[in-house]
Amino acid sequence: MTFSRRSFAAGLATSLGALATGGPARADRVLRVGYQKYGTMLLLKARGALDPALKPLGFRAEWREFPGGPQLLEAVNAKAVDIGVVGETPPIFAQGAGAPLVYLAHEPPAPKSEAIVVPKDSPIRAVADLKGRKVALNKGSNVHYLLVRALEEAGLAYTDIQTVFLAPADGRAAFDGGSVDAWVIWDPFLAAVEVSSGARILQDATGLAANHQFYVGERSFTEAQPQAIDTVLAAIAAIDRETNGVTEAAARELSPAVGMPVPILSRALARQSWGVTPLSPEVVAGQQRIADMFLRLGLLPRPIQVAEAVRQARS
């Protein structure tokens, strides 16, 4: 049985209740949190809300930044991160590689938060025009699936384009320098390239990919310290409730930490989804479709069952 909404809510209530009932006075154990330079997890870090929540359990947070989901999940595989947030595709490849990850929860779809972009003066007007072109993306990231689906809808095979695998910073440099014809990227990098260079969105994920954000844990830590995991999820849920509908204020708060102007972050946050819930059968099925597609393309080394990586309900 998957982690149910009832047990999810109960776990959050238990974790929040620990704050009132007390616990170990010293926070001498470390919970390693993987994050990317954007989103709810970064807001949680910026507000310093996690350490006070973890202290009754004897934990303190240690924050580790990653340029993308694949790199974060490499750290999970190495047991260097206990909990983190990634997009749809990274956990597929990580599970295929045998990483000890567990899906904990997810955010609602945000299909406009990722897109294929081209320079504003590019002659490319449709996805079909990408045939034979160089397209940059972070390999195994959430946008990898968007690219595959967009090509499929346009009647192109994955092999009809030249993929150039680059992390976001290198992808932006290649895009600005003209060494690639298109870039598949997510917010806030998407918003930044739109605002600063006038890049044109060729296709976002609407109708192609849900673009969920997933909270994932390292399996042995999740099983050994369920209350610590639930405390993090409770803190994330609280940040989501506070931020939903007040994205301008959140953009001002994030700007110093991200190093991006408020207008760029406002644009990105307006496309983000808010709310943390356990994985429903529909969401699990969606992840399975992604896994099956990458297997057919020969990009996944072996078949996987996504449901096997979903956190089990606590009794």
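This is a predicted model: local features need pLDDT of at least 70, side-chain atom pairs count only at pLDDT 80 or more; totals for chains, interfaces and linings use all residues.
Biologist: Into which domains is the protein chain divided?

Modeller: Domain bounds come from an automatic or database domain assignment. Here domain 1 comprises 29–109 + 212–309, and domain 2 comprises 114–204. Their C-alpha centres lie 24 Å apart. With contact taken as heavy atoms within 4.5 Å, 24 residues from domain 1 and 23 residues from domain 2 take part.

Biologist: How much area do domain 1 and domain 2 bury between them?

Modeller: Buried area is the accessible area (1.4 Å probe) that two parts lose on being put together, summed over both. The value for these domains is about 1800 Å², with 69% of it on carbon and sulfur atoms. On the domain 1 side, I264, R271 and M293 lose the most area to domain 2, together 25% of what that side buries.

Biologist: How many salt bridges are counted between domain 1 and domain 2?

Modeller: Side chains of opposite charge can pair when their charged atoms come close. The criterion is a side-chain nitrogen of Lys or Arg within 4 Å of a carboxyl oxygen of Asp or Glu. The count between the domains is three, and the structure holds 14 salt bridges. R271 pairs with D187, their closest N and O atoms being 2.8 Å apart.

Biologist: Which helix gives the most to the side of domain 1 that touches domain 2?

Modeller: Helices (H or I, at least four residues) and strands (E, at least two) are DSSP runs, numbered from the N terminus. At least two residues of that side come from each of α4 (69–77), α5 (89–96), α12 (262–271) and α13 (281–296). The most come from α12, with five residues.

Biologist: Which backbone features of P188 and K79 deserve a look?

Modeller: Most residues other than glycine have a negative phi, and most peptide bonds are trans. The peptide bond from D187 to P188 is cis, with omega near 5°. P188 is placed in the loop between β8 (182–186) and α8 (189–197). K79, a residue other than glycine, has a positive phi near 60°, and K79 lies in the loop between α4 and β3 (83–86).

Technical notes. Residues are numbered from 1 along each chain as its sequence is written. Side-chain values use heavy atoms; hydrogens and water are left out.
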